[in-house]
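Colleague: I would like to go through how to read strand pairing and helix packing in a model. Could you take me through one case of each?

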Amino acid sequence: MRARVMSLFAALLLTVMLVPGAAAAALSHSSSPPTAAVPAAVLSQDDAAKSTAPPQDEAAQSIRGSIRGPDRQPISGLTITVTQDGTEVGSGTTDDKGQWEVPLPEPGTYSASIDPAQLPEGVVPRTEDGAQIDGVVVRPGAQQGVIFQLAAGAGGEDGAAAPPAAGGTSFARQFIQLTVEGIKFGAIIAITAVGLSLVFGTTRLINFAHGEYVTFGAIMAFFLSVTPLNLPVWLAGILAMILTALLAGGVELTVWRPMRRKSAGLIQQFIVAIGLALVVRHILLVLFGSRRRQYDEYNLQQSMDLGLFRITPRDLIVTLIAFALMGLVAFMLERTRVGKAMRAVNDNQDLASASGINVERIIMIVWLLGGALAGLGGVLFGLTQAVYPDMGFQLLLLMFAAVILGGLGSAYGAMVGAIAIGLVSQLSTLWFPASLQNMWALLVMILVLLVRPQGFFGRRERVG
């Protein structure tokens, strides 16, 4: 039964991801930034067109972006030329943070281009036509962001990127760099997916609102770390964890527990979870706005060259924190009474209740723990990428993929599945467009489930 549920849910996820993935591939030269975490070794900016530049007059429109090299360092002094129907309408130069902006006289469709000869040595456009982006649609009053995809390699005189040889040093370094990025991204997915897996294991609820807890934590930390409080990000992150845990516990107390007592079916709870996700997402959109923002601290850092790969101190700390939390969760499940009670409720709720375990209390603890981990995961993801209202929803699909791949209800499976999803999504950009990286991760999930329908750590049948 569980294998059948996993297969059906995996097919649903693949359908959800294939449509936007194909559209993103068709619009690979459009100005919309990718919604998943993409390493700087593939894209030319930390997160496409982050809205870190000072806000412009709402009546004006412009094209802007933030350009970084494969080593995540900003590229300054690079000229970006904007044209319309072959006529130049303006140009801009990247500053010391790699940011640039070109005001436009009116809305319309434009092209933006860079001169490959101005790029630093060893940095080239990822594709032959990557130095120019056509079809950038700018609406009235919009500050439209664009992406210039850059890669490491030796370009020719025309600046075109030469594809790395399979056994070359450039390919090997990119492979290692993307592996590190994949581990980092997978670790962030893992600490958010653990709570989702534990909730399913104890309540059998597929909580579509879990992604909104991720967004809530990131946004709360952002508000706490800016004026007037100006709290350090680490303290704001801890407080955001607590606030997200309280939100998850409050929803459990006021929504899910009454529904369980009234014997509401899983389908009804599933529909309520979708509605709750939409409500929370739009409330956060109203409070936070649609712009992508970054935490003031740890925004720009010098990458550390560790020989085979480069990583910023911020990303290294984020990865270590994520793995430390996974270790603490594993220790709690194996060595503490509460953890053993969670495993008992996960295995057989009726037998656990008959053994004297307060099932409702354990479910509340699971919700609090899952909310806290989701909130912190949002903060970590916001540190490495950006904070925006849809960030939780973008991670939610990957969280579900990790939970299904690892085995429904298994916390350890969610961790392993998340690392696998992170690695596949990042390494796929070596050969395929970055806009399709999530699709390849989900395809790998489907292939694994065809061989082992119960996932890595799942069981074919439940006993009892």
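This is a predicted model: local features need pLDDT of at least 70, side-chain atom pairs count only at pLDDT 80 or more; totals for chains, interfaces and linings use all residues.

Colleague: What holds strands of a sheet together in general?

Modeller: Strands of a sheet pair through backbone hydrogen bonds, and the pairing is either parallel or antiparallel. Here the sheet is open and has four strands in the order E3-E2-E5-E7, with antiparallel pairing.

Colleague: Which strands stand at the edges?

Modeller: Strand E3 (87-93) and strand E7 (132-138) do. Each has a single partner strand, so one side of each has no neighbour in the sheet. On average, neighbouring strands of this sheet are turned by 25° against each other, direction ignored.

Colleague: Now the helices. At what angle do H3 and H10 pack, and how far apart are their axes?

Modeller: The angle between helix H3 (residues 210-225) and helix H10 (residues 391-406) is about 135°, and their axes are 7 Å apart. Angles over 145 degrees would count as roughly antiparallel and 65 to 115 as roughly perpendicular; H3 and H10 are therefore oblique to each other. The crossing of H3 past H10 is right-handed.

Colleague: Which residues meet in this contact?

Modeller: From H3, His210, Gly211, Val214, Thr215 and Ala218 meet Met391, Gly392, Phe393, Leu395, Leu396 and Met399 of H10. By class, the residues of this contact of H3 with H10 are seven nonpolar, four polar and no charged.

Technical notes. Residues are numbered from 1 along each chain as its sequence is written. Side-chain values use heavy atoms; hydrogens and water are left out. Axes are lines fitted to C-alpha atoms, for helices over the stretch in contact, and angles run from 0 to 180 degrees between N-to-C directions. Helices (H or I, at least four residues) and strands (E, at least two) are DSSP runs, numbered from the N terminus. Angles under 35 degrees count as roughly parallel, over 145 as roughly antiparallel, 65 to 115 as roughly perpendicular and the rest as oblique. A crossing is left-handed if the near helix is turned anticlockwise from the far one by less than a right angle, and right-handed if clockwise. Contact means heavy atoms within 4.5 Å. Ala, Val, Leu, Ile, Met, Phe, Trp, Tyr, Cys and Pro count as nonpolar, Asp, Glu, Lys and Arg as charged, and the others, Gly among them, as polar. Two strands pair if DSSP finds at least two bridges between them.
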